[in-house]
Structures are given as C-alpha cells and as structure tokens.
Amino acid sequence: MRDSTLRTKSHNVNWFRYSSPVSFYPLASALAPWFAVPAALLAFAGLYIGFVLAPTDAQQGEAYRIIFVHVPAAWMSLLIYLAMAFWSALALGFNTRLSAMMAQALAPTGALMTFVALWTGALWGRPTWGTYWAWDARMTSELILLFLYLGVIALRQAIDDPRRADRACALLTLVGAINVPIIYFSVQWWNTLHQGASVSVTSAPRMATLMLSGMLVMALAAWCYSIAVALVRVRSIILERENNATESPQLRGMATRVAQ
Amino acid sequence: MKRLPAILPILATQGTARDFAAWAGIGWALQRDLGLALRSRMELAVHLSFYVIVVSLFPLAATPDRGLLAAMAPAVLWVAALLASLLSLPRLFAADLLDGTLEQIALSPYPLAALVSGKIAAHWLTTGLPIVLLAPLLALQYELDSEAITVLSAGLLLGTPILSLLGAIGAALTLGVRGAGSLVALLILPLYVPVLIFGAGAVDAMRVGLGAAANLSLLGAGLLIAIVGAPFAAAAAVRIALD
Amino acid sequence: MTDFLHMGGYGFYVWSAYGGAVLAVVAEIVAVKRRLRAARDATRGIDRSGVT
C-alpha cells in the first residue's frame with residue numbers, strides 16, 4: 001500500500017496522490033476536454049489533407065484514401081493494447097486499483113479500433129486486391145487481436161468480484177501481450193508457406209509526402225480520441241466501483257460539482 | 001486422499017531443500033492427479049471419444065475424395081486436438097476447487113508452480129498423450145501416407161503438452177466463473193494459434209518438400225518456453241482466483 | 001461534388017469504410033457519455049428510469 005504522503009525529493013510533487021481513484025476523478029474530468037477538442041480538430045485537418053490535398057494514387061486510384069482511417073486505427077489497436085499491458089503490469093506489481101481501472105477503461109476502445117481496422121481493411125482489400133479477406137499476416141493477426149480484446153472484456157464481465165477481475169484481466173492482458181509477437185510471427189510464417197495463393201498482398205502505396213502527413217495527422221487524432229474516451233470511461237468506472245467506499249460523500253460532491 | 005509428506009514442508013524454507021521441495025511437489029501432484037484420473041477412466045474415455053467423433057465428422061461433411069481428405073487431414077486432426085484439449089481443461093482445477101483441496105494446496109509450503117506443473121503433467125498424460133497415440137490410427141481414415149503420419153505424430157507429441165500448459169492458465173483464470181467453458185475457449189484459442197500453425201504446417205511443409213524440421217523445432221522451442229513460463233502464470237492465476 | 005462522392009468508381013468502398021468508422025466512433029461516444037451519466041446519477045441517488 002502506498003503512503004499517500006510520499007513525496008519525491010527533487011520536486012516535492014506527490015505523484016502518488018493521484019493513484020487514489022477518488023483523487024484522480026477531478027483530474028480525469030479536467031483533462032478529457034484537452035484531448036477531445038484536439039482530436040476533433042486533428043481529425044478535420046487529417047481528413048482535409050487526405051481528401052482534398054493528397055493526390056490520386058497511380059495504382060489504386062481513389063480507393064487508397066481508406067488508408068487515412070485504416071492505418072491509424074490499426075496503429076491505435078496495437079498501441080492501446082500496449083497501454084493496457086502497461087497499466088496491467090502496474091496493477092499486478094503495485095496492487096493499485098486505479099491502474100486496473102485504466103486498463104479496464106482502455107479495453108473497449110482498443111476493441112473498437114481493431115474492429116475499424118478490420119472493417120476498413122476489408123473494404124480496402126476488395127477493390128485493391130480483389131478480395132475482402134486476404135488471409136495475410138497483418139489482417140489475420142489483427143483479427144486475433146480482436147479476440148484478445150474481447151476475451152479481456154468477457155473475463156471482466158464474467159467475474160463478479162471487482163478486485164479479482166482486476167487481477168485476472170491484468171494477468172490475461174500480460175499473457176496476451178507476450179503472445180502477440182509470437183502469434184504475428186507464426187501467422188507470417190504460415191503466410192509465406194502458402195504464398196501460392198492467388199492473392200498477393202502488396203504493401204501500401206508508395207507514399208507521397210502529403211499521403212504520409214495525412215496518415216500521421218489522423219493517427220494523432222485517433223490517439224487523442226482514445227485518451228479522451230478512456231478518461232471519460234474511467235470516470236464512470238470510478239463512480240461505479242467506488243460508490244460503496246467510505247469516500248462516498250466526497251465522490252457525490254465531485255459528481256455534482258464537476259461540470260460535464 | 002494421500003496427504004503431503006509432513007516432513008518436507010519443514011525443510012522447504014531452506015535453500016537447496018526448496019528445490020527438493022519443488023521436485024517433490026511436482027511428483028506428489030502428478031501422482032495424485034494420475035491416481036484420481038485413472039479412477040474415473042470413463043471420463044477419459046469420453047474425452048477420447050469426442051476426439052474420434054469430431055475427426056470422423058469432417059469427411060461426412062465433405063466428400064470422401066482421397067486427395068481432399070489427405071489435404072485436410074492435418075488441419076482436422078489438429079483442430080480436433082485443440083477442441084478436445086479445451087473440453088478437458090475443467091478437470092484440472094474445478095474438482096479440487098469444489099472440495100477445498102485447491103485452497104489447501106495453495107496454502108502448503110510447496111511452491112504452487114511446482115504443484116500446478118504436476119497437475120498439468122497428469123492432465124497431459126491422461127488427455128494429450130492418448131490423442132498422440134490415437135491420431136495415427138485416425139490418420140489412416142484420411143489416407144495419409146506414413147511419412148506424413150510420422151510428422152503429424154511428432155507435432156502432436158510436442159504440441160499437446162503446450163495445449164495443456166496454456167490451457168491451465170485459462171482454466172485457472174476462469175475458476176468458478178459462470179460460463180467458464182466457452183469463456184476459456186475465447187481466451188485460450190487465440191493463444192493456441194501458433195501451435196496449430198506450426199503443428200499442421202509441419203505436415204504441409206513436408207508435403208511441399210520443404211521439410212518439417214523448422215516447424216517442429218519451433219514447436220519444440222515453444223514447448224520449452226511454455227514449460228518454463230506457464231506453470232508460474234497458472235499458479236498466479238490460481239492465487240488470484242482463490243484470494 | 002459528384003466526383004467527390006464517386007471517388008473514381010470506388011465510392012462504395014471508400015464511403016462504406018468511412019461510414020462504418022464514423023458509426024463506430026459515434027456509437028462509442030454515445031455509449032460512454034450515457035454510461036457516465038448513469039454512474040453520476042447513481043452516485044447522487046437520482047433515478048431517471050421514469051418508474052414511480
């Protein structure tokens with residue numbers, strides 16, 4: 001158990017003060033708009049670059065413009081899983097509730113990003129390579145990643161005791177994290193063995209600078225969006241789970257006071 | 001139920017005696033679980049029958065065309081092994097949880113990972129090994145040639161322990177949870193994918209002419225990693241479930 | 001404008017892709033906000049279910 005008055009020598013800042021869910025709640029409320037608004041602005045900018053400024057691709061025509069949502073979603077699906085693994089490691093290592101709550105808050109958004117990546121990938125594949133589903137290494141691994149996310153979410157729902165659910169999901173996330181590279185490697189291996197298949201999935205179109213910048217701006221937008229959503233979701237989780245705690249009056253006051 | 005030898009826990013806290021206790025723990029758990037399993041031979045027979053039935057279903061769903069059967073044989077025999085492994089996982093911990101033995105095991109001074117290893121070994125001996133022994137016979141149903149059958153069996157021999165080891169983590173995580181059966185499938189099948197790919201891939205690689213050595217080596221490496229890592233993860237999961 | 005919608009013949013794919021993504025994002029935002037509202041109401045002891 002961390003002493004809440006622990007202070008670091010150099011800055012006299014008490015970081016562990018925010019490790020209590022009740023203390024973190026107002027911070028989450030304050031931070032969320034600082035990510036939500038940039039997310040919207042960046043998305044608008046990214047889509048403008050992607051649809052107005054970026055040129056037509058020589059090989060794929062206008063269909064390539066799907067990458068402006070497909071690639072950022074795929075990147076985020078991996079990044080969020082890494083973040084989940086990070087919070088899970090903290091939750092198991094330090095036994096802090098808030099770390100587990102952050103992992104809990106990230107899972108649905110990660111699943112959503114994975115779904116979007118798969119959906120847009122399929123629709124990009126059809127005009128480009130002739131098939132909705134190409135069984136290539138990346139898409140297949142993305143599908144398995146979706147199962148990993150769903151597994152964590154399902155395990156959370158299935159276990160009634162929240163603290164047991166915290167630790168079980170944390171362990172599952174870490175086991176999954178170790179396995180993701182192994183799974184990707186094995187699927188890639190399988191793919192090279194069966195290269196005889198009619199579909200040969202080439203890499204993304206050769207990147208004009210504008211295409212690349214459009215992708216990066218959208219990726220940044222997706223990142224800000226994910227953080228904003230996770231912060232709002234963690235607020236719900238804190239309220240749902242800390243309702244029975246003795247700090248209830250404090251929480252009730254904050255739930256009332258802190259404007260949406 | 002045979003009790004843990006009383007003298008060992010006293011020694012278990014000291015240095016080298018701890019290693020000794022670990023091995024003793026593995027041996028004790030293995031012996032106990034084997035004994036319990038062999039007493040309920042009917043259940044083991046049922047698991048094996050499931051494997052046979054599933055394997056026999058696929059040709060009925062497709063045409064009994066020789067080429068097609070031989071082509072899909074590795075896939076069918078492997079996927080059925082995965083499913084059979086999933087079905088038998090509850091046996092690992094559920095019964096012990098119900099009668100309170102699991103808590104006693106967790107409280108004993110023996111390293112929990114060692115005791116879990118013993119249980120997993122017993123699980124594999126009673127569910128995985130029979131599949132390894134039966135698969136060549138079933139492969140004859142699919143008109144696989146003897147070289148392919150050898151590679152298939154070698155793959156299953158290396159792979160089925162991995163299934164038990166990884167499965168134990170899933171079984172421990174979902175201990176006593178409602179809907180545990182299907183939930184374990186959702187949790188563990190993604191982790192099984194590399195085993196499936198390398199196991200079935202070994203036969204395909206051999207048929208194409210690339211040789212099965214690479215796939216089988218990767219399976220072997222995976223087995224070593226799983227033997228070293230999975231018992232600790234499963235033990236941690238058991239503690240999470242019991243606390 | 002019609003060129004924009006037509007997307008060089010790939011309009012169906014591009015707009016289905018973006019449509020699905022937008023739908024998913026909107027659904028998530030709505031769900032998250034609804035969940036927060038429910039949690040805050042529960043904390044304050046307010047019952048909006050409309051059942052008297």
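I am working from a predicted model, in which local features need pLDDT of at least 70 and side-chain atom pairs count only at pLDDT 80 or more, while totals for chains, interfaces and linings use all residues. Residues are numbered from 1 along each chain as its sequence is written, and chains are lettered from A and ligands numbered from 1 in the order in which they are written.

Chains A and B. I looked up this contact (C-beta atoms, placed from the backbone, within 7 Å) and found that chain A gives 23 residues and chain B 22. On the chain A side, two or more residues come from each of H4 (137-158) and H5 (162-193), helices being DSSP runs of H or I with at least four residues, numbered from the N terminus. H5(A) has the largest share, 14 residues. I sorted that side of chain A into 18 nonpolar, 3 polar and 2 charged residues, where Ala, Val, Leu, Ile, Met, Phe, Trp, Tyr, Cys and Pro count as nonpolar, Asp, Glu, Lys and Arg as charged, and the others, Gly among them, as polar.

Chains C and A. Here 21 residues of chain C touch 29 of chain A, and the chain C side holds 12 nonpolar, 5 polar and 4 charged residues.

Helix pair in chain B. The axes of H7(B) (112-141) and H8(B) (146-173) come within 8 Å and cross at roughly 150°, the axes being lines fitted to C-alpha atoms over the stretch in contact, with angles from 0 to 180 degrees between N-to-C directions. H7(B) and H8(B) are therefore roughly antiparallel, a term for angles over 145 degrees. Their contact includes B:Trp124 of H7(B) and B:Leu156 of H8(B), and I noted 16 nonpolar, 5 polar and no charged residues in it.

Terms used. Two residues are in contact if their C-beta atoms, placed from the backbone, lie within 7 Å. Angles under 35 degrees count as roughly parallel, over 145 as roughly antiparallel, 65 to 115 as roughly perpendicular and the rest as oblique.
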